[in-house]
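Thank you all for coming; today I would like to talk about aromatic rings, and about the neighbours that they keep. Please have a look at the sequence and the structure before I go on.

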Amino acid sequence: AHPATVRAEALRQTARILDVRGHLEEALRTIQAALDALSSRKDHPALAARTLGDLGWLIYRQGRLEEAEAHYLEALGLHLEEDSIRAQVHSLYGVLRYARAELDESVVQHEKALRIRRRLGDSQGVAKCFNNLALVAERRGDLEAATQWHAKSVRSKAASGDRPGLALAYN
């Protein structure tokens, strides 16, 4: 592997650890350093997209939605392969659109993520997509659809053996 990609991935993982430990500002500085370590985002589109998605999520959590959106769109523009990275960015972008009450666009993003995750056979990711779609339906006041999406999420988590996810679904 190229030294720049090794450094960028190490910094990205460090930023994730810092975030989990509650050090959001330090995580932001570290994830930005990960992006800076890449000589060219176009030369490493998968890693750049993953890192931009992570950066967007951290910024989103600070309430800086326009800036987060720009990172998600850049990630989607860089990484055209329909894989778990792209699915994750679509999911994150769907959450952002939900936060803005742009529910139709939120559904579009979550459905894109769902199609990719189904094709990949990612049952845990599929269950998360179902849950996100349930939340949008619930916010719209469509409790029947929300119940159906939640039920699909529970069934998917049970079928995949995701016991912690199943416990959260029942919470």
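**Rings and their partners**

Let me begin with a charge and a ring: the charged end of Lys 152 sits over the ring of Trp 149, at 4.8 Å from the ring's centre. Please keep in mind that what we are looking at is a predicted model. There is a further case of this kind, in which the charged end of Arg 139 is placed over the ring of Tyr 98, with 4.6 Å to the centre of that ring.

Now I turn from charges to rings that pair with rings. In general, such a pair is described by how far apart the centres are and by the angle between the planes. How many aromatic pairs does a search of the whole structure find? It finds three, and I will go through two of them with you.

One of them is formed by Trp 57 and Tyr 60, and it is stacked, with 5.2 Å from centre to centre and 20° between the planes. Both residues belong to helix α3, which covers residues 45–61, and because they are three residues apart there, about one helical turn separates them. Trp 57 is partly exposed, with a relative accessibility of 30%, whereas Tyr 60, at 17%, is buried.

Another pair, Tyr 72 with Tyr 93, is tilted, the centres being 6.1 Å apart and the planes 55°. Here Tyr 72 lies in helix α4 (residues 65–78) and Tyr 93 in helix α5 (residues 84–99), so this pair ties together parts that are 21 residues apart in sequence. Tyr 72 and Tyr 93 are both buried.

Terms used. Residues numbered from 1 in each chain as written. Predicted model: local features only at pLDDT ≥ 70, side-chain atom pairs only at ≥ 80, totals over all residues. Heavy atoms only, no water. Phe/Tyr/Trp six-rings, centres within 6.5 Å; stacked < 30°, edge-to-face > 60°. Helix = DSSP H or I, 4+ residues; strand = E, 2+ residues; numbered from the N terminus. Buried < 20%, exposed > 50% of the residue type's maximum accessible area, 1.4 Å probe, protein only. Lys NZ or Arg CZ within 6 Å of the ring centre and 35° of its normal.
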